[in-house]
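This report is intended for a reader who meets the structure for the first time. Please keep the sequence and the three-dimensional view at hand while reading.

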Amino acid sequence: MDSVKLQRTYLDLTTPHVADACMRLGIAVRCAPAGVRPLWNDSHIVGRVRPARHYGSVDVFLEAIHRATPGDVLVVDNGGRLDEACVGDLVTLETALAGLRGIVIWGLHRDSSELRTIRLPIFSLGTLPAGPQRLDSQEADALISAKCGEHVLTSDDFVLGDDDGVIFMPLSQAQKVAELATVIRDTERSQAARMQLGTSFRKQARFDDFLAARKADENMTFRQYLRSIGGAIEE
């Protein structure tokens with residue numbers, strides 16, 4: 001799926017919709033650590049992963065950007081370090097000028113005021129004034145893969161980020177995930193609208209029927225029951 005289609009397809013999908021779709025499809029749910037948060041609320045990014053591992057210098061980011069395609073998302077692996085910020089305003093400006101959609105950092109950022117002005121979506125573990133005071137040797141595959149928490153990511157993956165966090169998926173599964181996530185989204189919106197009008201979820205889900213089914217079959221789970229009636233609150 002190309003970057004334009006990816007942007008359009010995921011424009012109105014959230015990370016919870018997509019996480020539930022992955023679970024239902026048997027696709028591994030790969031989320032960034034819970035501490036990776038957007039710099040400001042209402043952030044939403046989607047794009048192919050452009051990996052880069054940090055070793056103390058910004059040149060690895062510049063090279064990653066140089067190799068990137070507009071619509072990609074720079075995913076920075078700084079090993080989750082909390083003793084240095086690895087991305088600031090200049091790297092962010094360069095990323096924006098190259099047409100990338102945002103930056104996800106397994107590590108820290110700085111220059112927060114400037115980043116809010118630039119307005120390119122940034123997700124990170126937080127902020128720290130100090131930049132790196134080291135310069136380590138760059139590994140040969142520094143631009144091939146990057147880790148974010150326990151997950152190893154390549155350009156065969158894409159990333160979706162919003163106020164609930166960041167999730168990674170295989171690019172080859174993007175269409176299938178989006179189709180099911182859209183069904184889940186629409187079902188939940190319909191359920192919520194009916195609840196706003198006074199119809200409880202217990203009534204919509206025929207919860208008494210579930211209790212009776214579970215009494216008849218002690219192995220029956222609420223998740224199985226919801227699937228049987230087309231519910232989507234739990235996956």
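The sections below go from the whole chain to its sheet, its cores and its salt bridges.

## Overall picture

The structure is a predicted model. Its chain contains nine helices and twelve strands. Taken along the principal axes, the C-alpha atoms fill a box of roughly 65 × 35 × 35 Å.

Of the 235 residues in the chain, 46% are buried. The chain exposes about 11800 Å², and carbon and sulfur atoms supply 50% of this area. Among contacts with a separation of 6 or more, 70% are between residues 24 or more positions apart.

Eight strands form an open sheet with mixed pairing, in the order 1-12-11-3-4-6-8-2. Its edges are strand 1 (30–31) and strand 2 (37–38), each of which pairs on one side only.

Strand 3 and strand 4 run parallel and are joined by five bridges. Strand 4 (residues 73–77) also pairs with strand 6 in the parallel sense, again over five bridges. Strand 6 in turn pairs with strand 8 (residues 122–124), in the parallel sense and over two bridges.

## Strand 6 and its two faces

How many residues of strand 6 (residues 102–106) are buried? Five of its five residues are buried, and the strand is described as mostly covered. In a regular strand, the side chains alternate between the two faces of the sheet. On one side of strand 6 lie Gly-102, Val-104 and Trp-106, on the other Ile-103 and Ile-105, and both faces are covered.

Arg-50 is found in strand 3. Is Arg-50 buried or exposed? With a relative accessible area of 10%, Arg-50 is buried, since the limit for a buried residue is under 20%. Beyond residues up to four places away in sequence, Arg-50 touches Ala-64, Arg-67, Ala-68, Asp-72, Val-73, Leu-74 and Val-75.

Helix 3 lies across strand 3 and strand 4, and runs at about 135° to strand 3.

## Nonpolar cores

The largest nonpolar core has 21 residues. Phe-61, Leu-74, Val-76, Val-87, Ile-103 and Ile-105 have the most contacts inside it. Helix 3, strand 4, strand 5 (85–87) and strand 6 each give two or more residues to this core. The largest share, three residues, comes from helix 3.

Which residues does Phe-61 touch, not counting residues up to four places away in sequence? They are Ala-52, His-54, Val-76, Cys-86, Val-87 and Val-91. A second, separate core has 20 residues, including Tyr-10, Ala-19, Leu-171 and Val-177.

## Salt bridges

Side chains of opposite charge can pair when their charged atoms come close. In the whole structure, 14 salt bridges are found. One of them joins the side chains of Arg-48 and Asp-72, at 3.1 Å from N to O. Arg-48 lies in strand 3 (residues 45–53) and Asp-72 in the loop between helix 3 (59–67) and strand 4, so this pair ties together parts that are 24 residues apart in sequence. Arg-48 is partly exposed, with a relative accessible area of 24%, whereas Asp-72 is buried, with a value of 2%.

A network of salt bridges links Arg-81, Asp-83, Glu-84, Arg-134 and Asp-136. Within it, the side chains of Glu-84 and Arg-81 meet at 3.8 Å, N to O. Glu-84 counts as buried at 2% relative accessibility, and Arg-81 as partly exposed at 29%. Asp-136 forms a salt bridge with Arg-134, with the closest N and O atoms 2.4 Å apart. Here Asp-136 counts as partly exposed at 39% relative accessibility, while Arg-134 counts as buried at 17%.

How values were computed:
Residues numbered from 1 in each chain as written. Predicted model: local features only at pLDDT ≥ 70, side-chain atom pairs only at ≥ 80, totals over all residues. Heavy atoms only, no water. Buried < 20%, exposed > 50% of the residue type's maximum accessible area, 1.4 Å probe, protein only. Helix = DSSP H or I, 4+ residues; strand = E, 2+ residues; numbered from the N terminus. Pairing = 2+ DSSP bridges. Salt bridge = Lys/Arg side-chain N within 4 Å of Asp/Glu carboxyl O. Core = buried A, V, L, I, M, F, W, Y, C linked by side-chain atoms within 4.5 Å. Contact = heavy atoms within 4.5 Å. Areas by Shrake-Rupley, 256 points an atom, 1.4 Å probe, with all protein chains shown as cover. Axes fitted to C-alpha atoms, helices over the stretch in contact; angles between N-to-C directions.
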